[in-house]
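Colleague: I have a model open and would like to go through it with you step by step. Could you take my questions as they come?

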Amino acid sequence: MEATSNKVGGVLLRVAGELVYVAAADAVKLAPIPHITRVPGAPEGLLGVALLEGEILPVVSIGSERESMLVCTHAGALLGIVGGSVVETGMFDTTPDGMAARDGEEIATTLDVPSLCAKTSPPSWGGRWLS
């Protein structure tokens, strides 16, 4: 019986030597890095906010590269991600269990976009108004 090859669409990034995969469902576009404005008191990991095509979006860093920004979406919100070098976009083979993308023999870890979005939210203010 011939093995079937499953494919997934998305973006492969190189971050600190590691291959990282962002699903096409999360990736919106690649863009030049816009001016990023720091936000006083911002949560750790949030570089700031940027204006891109009339939209204000939070920007987080996943590494040291600064060649482009990957714009992602999660729960209807946009997020800019910088720090990875784009390796390739398109359709990729998956591992036999279908849980990860492969580029040849190299397996890419899946970037956890929901966790990155959570980094852009300040800690809850619940209970802090009362003294």
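Colleague: Which residue forms a salt bridge with Lys 7, and how far apart are the closest N and O atoms?

Modeller: Lys 7 forms a salt bridge with Asp 93, and the closest N and O atoms are 3.0 Å apart. By a salt bridge I mean a side-chain nitrogen of Lys or Arg within 4 Å of a carboxyl oxygen of Asp or Glu. Before we go on, please keep in mind that this is a predicted model, in which local features need pLDDT of at least 70 and side-chain atom pairs count only at pLDDT 80 or more, while totals for chains, interfaces and linings use all residues. Residues are numbered from 1 along each chain as its sequence is written, and side-chain values use heavy atoms, with hydrogens and water left out.

Colleague: OK, and what parts does that pair tie together?

Modeller: Lys 7 lies in strand E1 and Asp 93 in strand E9, so the pair ties together parts that are 86 residues apart in sequence. The labels come from DSSP runs numbered from the N terminus, where helices are H or I with at least four residues and strands are E with at least two.

Colleague: How many salt bridges does the count come to?

Modeller: The count comes to 3 salt bridges. One of them joins the side chains of Arg 14 and Glu 106, at 2.7 Å from N to O. Arg 14 lies in strand E1 and Glu 106 in strand E11 (residues 106-110), so this pair ties together parts that are 92 residues apart in sequence. Another is formed by Glu 53 with Lys 29, where the closest N and O atoms are 2.4 Å apart. Because Glu 53 lies in the loop between E5 and E6 and Lys 29 in strand E3, that pair links parts 24 residues apart in sequence.

Colleague: Why would such side chains pair up at all?

Modeller: Side chains of opposite charge can pair when their charged atoms come close.

Colleague: How do E5 and E6 pair?

Modeller: Strand E5 (residues 46-52) and strand E6 (residues 55-61) pair in the antiparallel sense over 6 bridges, and two strands are said to pair if DSSP finds at least two bridges between them. As an example, the bridge partner of Leu 46 in E6 is Val 60. On the other hand, E6 and strand E8 (residues 77-82) run parallel and are joined by 3 bridges, with Val 59 opposite Gly 80 and Ser 61 opposite Val 82.

Colleague: What sheet do they belong to, and which strands stand at the edges?

Modeller: They belong to an open sheet of 6 strands in the order E3-E7-E8-E6-E5-E4, with mixed pairing. Strand E3 (27-31) and strand E4 (36-37) stand at the edges, each with a single partner strand, so one side of each is left without a neighbour in the sheet.

Colleague: And what does E1 pair with?

Modeller: Strand E1 (residues 7-15) runs antiparallel to E9, with 8 bridges joining them, and E1 also runs antiparallel to strand E2 (residues 18-23), to which 6 bridges join it. You can follow both pairings from Val 11, whose bridge partner in E9 is Thr 89 and which stands opposite Val 22 in E2.

Colleague: Changing topic, how many disulfides does the structure hold?

Modeller: The structure holds 0 disulfides, a disulfide being a pair of cysteine sulfur atoms within 2.5 Å. Cys 72 is in no disulfide, and the nearest cysteine sulfur, that of Cys 117, is 7.9 Å away. Cys 72 counts as buried at 0% relative accessibility, and Cys 117 is buried too, with a relative accessible area of 12%.

Technical notes
Buried < 20%, exposed > 50% of the residue type's maximum accessible area, 1.4 Å probe, protein only.
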